[in-house]
Amino acid sequence: MIILGIDPGSRITGYGVIDISGRKPRYVDSGCIRMDTKAPMSVRLLTIFQGVDQLIALYRPQVLSIEEVFMHKNPQSALKLGQARGVAICAAAMAELEVVEYAATRIKQTIVGQGHAEKAQVQHMVQSLLKLNRKPQADAADALAAALTHAFHRRMEGLL
C-alpha cells in the first residue's frame, strides 16, 4: 500500500510518500509544493491542487493522510489552511482515494511520543524511522509523519 501524506499550507505544502507493503515503512519520495506568495490565493490553491494531482498520478497511492485543521490564533491563517487542505482533499477525492485526517497532536504523539513536539524533533524521528541519510525539510517531514501515523495506526488496528 502506498500512502501520500500532506502537510497543507498556503505558501508551502509538504508531501511525503511511503510504501507499507513490507514489514517496515519504506521511503518513496518527499518534498514541497511551493507557491508564489505574491500570487492571488486562487492561483496558490490551483498550484496545490495540480501538485497533489500530479503526485497521485505519479505514485498511485491508495490513501491520502492529512493533518486536521486546528484552531489558529490568527483566523485568517486558519481559513487559508482550510482552503489548502480542501483542494488537496478534493484532488484525492477525484482520484477516489481514501482520505484520513489526524490531529497534529496525534501525529506528533505517534511519531515522537509527545503531542507538542517541536518540528526538529519530528524531522529527527522521521529521519530515524525511515532510515534517511539526512533530515527532510520541515514541511516534508510533517507530511511523512502524517503518512507514517496512518501506517502505524492501521497496523495497530490489525488492518495491515
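Reply: Let us begin with how elements are named: helices are DSSP runs of H or I with at least four residues, strands are runs of E with at least two, and both are numbered from the N terminus. In this predicted model, D139 accordingly belongs to helix 5, residues 138-156.

Me: Which residues does UniProt mark as "active site"?

Reply: Such annotations may be inferred rather than shown by experiment. Here the unreviewed UniProt entry gives that feature to D7, E67 and D139. These residues span 133 residues in sequence, yet none of their C-alpha atoms lie more than 11.7 Å apart, so they gather at one spot.

Me: Which residues does the annotation "binding site" cover?

Reply: According to the unreviewed UniProt entry, "binding site" covers D7 and D139.

Me: In which elements do D7 and E67 lie?

Reply: D7 is placed in strand 1, residues 2-7, and E67 in strand 4, residues 63-67.

Me: Is D7 buried or exposed?

Reply: A residue counts as buried when its relative accessible area is under 20%. D7 has a value of 8% and is therefore buried. E67, at 16%, is buried, and D139, at 15%, is buried as well.

Me: What does D7 touch, leaving aside its neighbours within four places in sequence?

Reply: With those neighbours set aside, D7 is in contact with I12, T13, G14, E67, D139, D142 and A143.

Me: Let us turn to helix packing. At roughly what angle do the axes of helix 1 and helix 2 cross?

Reply: The axes of helix 1 (residues 41-59) and helix 2 (residues 75-94) cross at roughly 35° and come within 9 Å. The crossing of helix 1 with helix 2 is right-handed. Helix 1 contributes M41, L45, I48, F49, V52, D53 and I56 to the contact, while helix 2 contributes K80, Q83, A84, V87, A88, C90, A91, A92 and M94.

Me: How many residues of this contact of helix 1 with helix 2 are nonpolar, polar and charged?

Reply: The contact of helix 1 with helix 2 comprises 13 nonpolar residues, 1 polar and 2 charged.

Key: Residues are numbered from 1 along each chain as its sequence is written. This is a predicted model: local features need pLDDT of at least 70, side-chain atom pairs count only at pLDDT 80 or more; totals for chains, interfaces and linings use all residues. Side-chain values use heavy atoms; hydrogens and water are left out. Axes are lines fitted to C-alpha atoms, for helices over the stretch in contact, and angles run from 0 to 180 degrees between N-to-C directions. A crossing is left-handed if the near helix is turned anticlockwise from the far one by less than a right angle, and right-handed if clockwise. Contact means heavy atoms within 4.5 Å. Ala, Val, Leu, Ile, Met, Phe, Trp, Tyr, Cys and Pro count as nonpolar, Asp, Glu, Lys and Arg as charged, and the others, Gly among them, as polar. Buried means under 20% relative accessible area, exposed over 50%, partly exposed in between (1.4 Å probe, protein chains only).
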